Each structure stands twice: as C-alpha cells, then as structure tokens.
Amino acid sequence: PPPPSPRLGGVSEMGAASPPLLVLLLSAVGDFASLVGAIPLTQQDLLAKGWTSWGGPKDYTPPLGVAEVTSTAHVTSEALRPVVHRGDTIFLLHEMTRRNVDVDGGKIRARRRLHGARQAFVIEKLEHGAMCGNIYPGDRVFLRANTGMQLEVHGEAVLAQRSIRGPQQAFTLEVPGAGPGPLRIGTTIYLRSHTGKHVEIFGSSAKARFDNQGGLQAFRVEKAEDVN
C-alpha cells in the first residue's frame with residue numbers, strides 16, 4: 001500500500017511515527033526566532049528606542065551615508081512660519097527682557113509684553129515691484145510707528161519723531177546664519193543703523209551704541225497672535 005500522507009502523520013521505514021507538517025513548520029519558526037533574538041543590539045539600535053520622530057533625537061548623528069535619508073524626514077517649523085512682506089505690521093520682542101518695543105512721545109522703549117497700537121510697526125523698504133514684496137535678511141528697511149513717524153537714530157539715541165525716509169531712518173536687517181529665503185515670523189534679527197551701531201534695549205530705553213550682536217541687540221519678529 002502507498003505510504004501515508006505526511007500531513008496526517010504515519011509510520012516511517014524505521015517504524016517511528018513521523019510528526020505532522022504543521023509541527024515541523026512551528027519548530028522551524030521557533031528556531032529562527034531564537035536565532036534572531038541572539039543577535040546583539042548595536043548602540044544605534046539602543047538610541048533608536050528613544051526616538052520621538054523620524055531621523056532620531058536631536059543629539060543623534062546618523063552613520064555616514066544615512067544622514068541624507070533621515071534628514072528628509074524632518075519637517076522644520078521654520079518652513080511653516082509666515083513670510084514677512086513689505087507693508088506688514090510686526091511687533092519686536094526684545095529677546096533679553098522679553099518685552100515688546102513701543103513708541104511713546106517719540107521715545108523708543110520696551111516696557112511690557114504686549115501687542116498694542118504703541119508696539120506696532122509697519123515694515124517697509126524702498127524697492128517696489130512684484131519681486132520685491134518679501135522682506136529678506138540684508139534688506140534696508142524702515143519701521144513706521146502707529147504715530148506715522150519712522151524709527152531713526154541720532155547719535156546714540158533711537159527715536160520716532162519724523163515721517164521722512166532717509167539714511168537716518170534706514171536699518172539693515174541682519175540675521176546671522178540666514179539662508180536664501182525671505183524673513184519669517186519668529187526670526188531673531190539685529191537692526192544696524194546708518195552709524196554702523198545696532199539698536200539695543202538698555203534698561204527700558206532704546207539706544208544705538210555698539211557694533212555688536214548680543215542679547216541686548218536681539219529682537220524677535222512677531223505678529224499679533226504671538227503673545228505668550
């Protein structure tokens with residue numbers, strides 16, 4: 001008679017019962033799992049357990065040749081922030097004191113964390129045309145207060161007493177490490193005046209005393225809903 005089917009089990013030529021096919025498969029799977037479990041974890045494997053997004057943690061440097069792949073998985077918040085256009089109303093937050101710049105009686109100060117009429121500035125530049133609508137790092141800009149007066153520098157004093165737009169009212173927009181794109185809300189900027197000195201907040205008053213990019217001279221560009 002023909003030998004019994006291995007699926008149902010049977011007797012081999014030696015007289016011993018042959019195991020069913022399902023039992024053989026399960027045994028093979030168990031052997032493979034044991035082999036995989038025996039492979040030691042690398043340092044990269046251990047670091048990957050702490051990842052919170054594609055590409056790994058901020059302090060993780062991928063192996064050579066992998067950086068190009070992992071970097072594409074990052075979507076930076078900077079690319080999603082609104083672009084600043086000529087004619088936009090912005091607010092300047094002094095990074096060190098965490099107070100907004102304001103205009104009061106022609107004087108420039110930073111006294112409170114607030115987005116009101118006194119803290120609002122319209123950012124402008126002389127260039128016009130379809131290609132000049134955005135504000136870029138390196139642009140010479142003018143900041144018009146709600147009074148209609150332009151921010152300006154006289155000696156070391158920073159004031160807003162005249163509506164004209166001349167050399168004393170022009171500021172070069174400096175953004176260290178800026179890329180080729182336009183200025184975006186949330187960017188930290190430095191305002192270099194026609195004297196070569198940067199606008200700063202000292203105490204609560206604005207001055208232009210030093211050619212320096214430090215905490216005193218750092219301002220963050222905000223829009224109305226950015227008050228926290």
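L216 touches H94, M96, V199, E200 and I201, leaving aside residues up to four places away in sequence; a contact here means heavy atoms within 4.5 Å. L216 is found in the loop between strand 13 (205-210) and strand 14 (219-222). Strands are DSSP runs of E, at least two residues long, numbered from the N terminus. This is a predicted model, where local features need pLDDT of at least 70 and side-chain atom pairs count only at pLDDT 80 or more, while totals for chains, interfaces and linings use all residues. Residues are numbered from 1 along each chain as its sequence is written, and side-chain values use heavy atoms, with hydrogens and water left out.

Q217 sits in the loop between strand 13 and strand 14, and Q217 is buried, at 2%. Its side chain makes a polar contact of 3.0 Å with the side chain of E200. A polar contact is a pair of N or O atoms within 3.5 Å; within protein, one must be able to donate a hydrogen and the other to accept it, and residues adjacent in sequence count only if both atoms are side-chain atoms.

## Salt bridges

Side chains of opposite charge can pair when their charged atoms come close. The structure holds 11 salt bridges, each a side-chain nitrogen of Lys or Arg within 4 Å of a carboxyl oxygen of Asp or Glu. D102, D104 and R111 are linked in a network of them: R111 meets D102 at 3.0 Å and D104 at 3.4 Å. D102 is buried, with a relative accessible area of 0%, whereas R111 is partly exposed at 25%.

R165 forms a salt bridge with E124, their closest N and O atoms being 3.5 Å apart. R165 lies in the loop between strand 9 (157-162) and strand 10 (171-174) and E124 in strand 6 (residues 121-124), so the pair ties together parts that are 41 residues apart in sequence.

## A charge over a ring

R165 also lies over the face of F142, 5.4 Å from the ring centre. For this, NZ of Lys or CZ of Arg must be within 6 Å of the ring centre and within 35 degrees of the ring normal. The charged end of R209 likewise sits over the ring of F202, at 4.3 Å from its centre.

Definitions and conventions. Helix = DSSP H or I, 4+ residues; strand = E, 2+ residues; numbered from the N terminus. Buried < 20%, exposed > 50% of the residue type's maximum accessible area, 1.4 Å probe, protein only.
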